[in-house]
Structures are given as structure tokens and as C-alpha cells.
Amino acid sequence: MPTPTKGARLGGSPAHEKLILSNLATSLFEHGAITTTAAKAKRLQPLAESMITKAKRGDLTSRRQVMKRIKDKSVVHVLFTEIGERYADRPGGYTRITKLGPRKGDNAPMVKIELVEALADSPKAKTAKKAPAKKAAAKDDKVEDTTDEKVEDEAKVEDVATEDVQDVVEDTKTEDAKTEDK
């Protein structure tokens, strides 16, 4: 049996605290991020992490254990089908707490608790998914080809420019020679 927390609870009684955490977890899984006080977020984080771990398992027992805390069936469905699959390869650390500053009315420290993006959803992983090794190598070849073409174009421009300069120099030499002959 876990040791009870000492001191005042979030809402007063243990039953009220349980309801507060259940509602916070429901909102977190429904919206992906919520803004709340630091104390509530710190109490919510282990609960949310354990629920996501159960969602990763995906069996009936885990679903029933989550349904004890989250009463909304649609949120449980999203948790098991989308969120659990999103974090299938991640060993832990599914939530992030970011400090926002004090609340205007009572100066309570406010934080934003959110689900971190999965490894598969990160921008680096998206680029790796879109371009497998063969395609990435082909892209590199294309990039090299385009840079070679640019270098060749620049060389042509330089050649044309030097030819123009040489033509102008030759023209001035012929004009100088004509004026000297006169």
C-alpha cells in the first residue's frame, strides 16, 4: 500500500484529490496540453505516465485499470489507439512541465503540462522517414549535380566575361593602331 501524502491535499479530502487528478488526466489526454498550477501538475505527471504505459500494453486489464480513473470512453479510446501507439518505441518521459509564471489573481505558480512529441513525430524522424537511405543518396547526387551545374554556369559566365573583355581590348588596340597609322 502506498504511503499517503502528508499535509494538505489538493482539494481537501482524498476522494476530491482523486477526482481532480482524474479530470486533469482526462483533459491532458483530450487536448494534449493543459495549463494548471505547479502542485497539480507535479501530482498529475506520474499518473499520466503510468496511464500511457498501460496504454502501450493495450490489453483488456490495462484498459479496465485506466477506465477506473478516466470515465470518458472516447478519451480512453484515443489514449489506447493513438497515444499508446505514438509512444510505442519510447521508454518513458511522455510528459513535459514548462513553467509559465505566476497567476494574476493569487500569484500561484502556473505551468503547462503537455505530452511530448513521440520519436516518430519529431522533425528529424520525419525527414528520415520521408527519405530512406537509397532516396537520400539519390537526393545527395541530385544536389551534387545541381551544384556542378551551378559551377559550370558560373565558369561559362566568367568565360563569356573574359571573352568580352578580350574583344574590347582587341578593339581598342585596333583603334589605337588605326589612329597611329593616320
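A polar contact is a pair of N or O atoms within 3.5 Å; within protein, one of the two must be able to donate a hydrogen and the other to accept it. The exercises below concern a predicted model.

**Exercise 1.** Determine which side chains make polar contacts with the side chain of Thr95, and whether Thr95 is buried or exposed.

*Solution.* Begin with the location: Thr95 belongs to strand β2. Next, consider accessibility. Buried means under 20% relative accessible area; Thr95 has 8% and therefore counts as buried. Then examine the polar partners. The side chain of Thr95 makes a polar contact with the side chain of Gln45 at 3.1 Å, and another with the side chain of Glu49 at 2.7 Å. Finally, set aside the neighbours of Thr95 within four places in sequence: its contacts then include Leu28, Ala48 and Ile113.

**Exercise 2.** Describe how β2 and β3 are arranged, and locate Val111 within this arrangement.

*Solution.* The two strands, β2 and β3, run antiparallel and are joined by seven bridges. They form a hairpin with six residues between them, and in the turn Asn107 has a positive phi of about 65 degrees. Across the pairing, Thr98 stands opposite Lys112 of β3. Val111 is likewise a residue of β3. Because its relative accessibility is 4%, Val111 counts as buried. Beyond its neighbours within four places in sequence, Val111 is in contact with several residues, among them Ile34, Thr35, Ala41, Ile97 and Leu100.

**Exercise 3.** State the span of helix α1 and identify the elements against which its buried residues pack.

*Solution.* Helix α1 covers residues 14-31, 18 residues in total. From first C-alpha to last it reaches 26 Å, close to the 26 Å expected at 1.5 Å a residue. Its buried residues include Glu17, Ile20, Leu24 and Phe29. After the helix comes Gly32, with a positive phi near 90 degrees.

**Exercise 4.** Find how many aromatic pairs the whole structure holds, and classify the geometry.

*Solution.* A search of the whole structure gives one aromatic pair. The ring centres of Tyr87 and Tyr94 lie 5.2 Å apart and their planes meet at 50 degrees, so the pair is tilted. Both Tyr87 and Tyr94 are buried. A further ring deserves attention: the charged end of Arg63 sits over the ring of Phe80, 4.4 Å from its centre.

Key
Residues numbered from 1 in each chain as written. Predicted model: local features only at pLDDT ≥ 70, side-chain atom pairs only at ≥ 80, totals over all residues. Heavy atoms only, no water. Helix = DSSP H or I, 4+ residues; strand = E, 2+ residues; numbered from the N terminus. Expected span 1.5 Å × (residues − 1). Buried < 20%, exposed > 50% of the residue type's maximum accessible area, 1.4 Å probe, protein only. Contact = heavy atoms within 4.5 Å. Pairing = 2+ DSSP bridges. Phe/Tyr/Trp six-rings, centres within 6.5 Å; stacked < 30°, edge-to-face > 60°. Lys NZ or Arg CZ within 6 Å of the ring centre and 35° of its normal.
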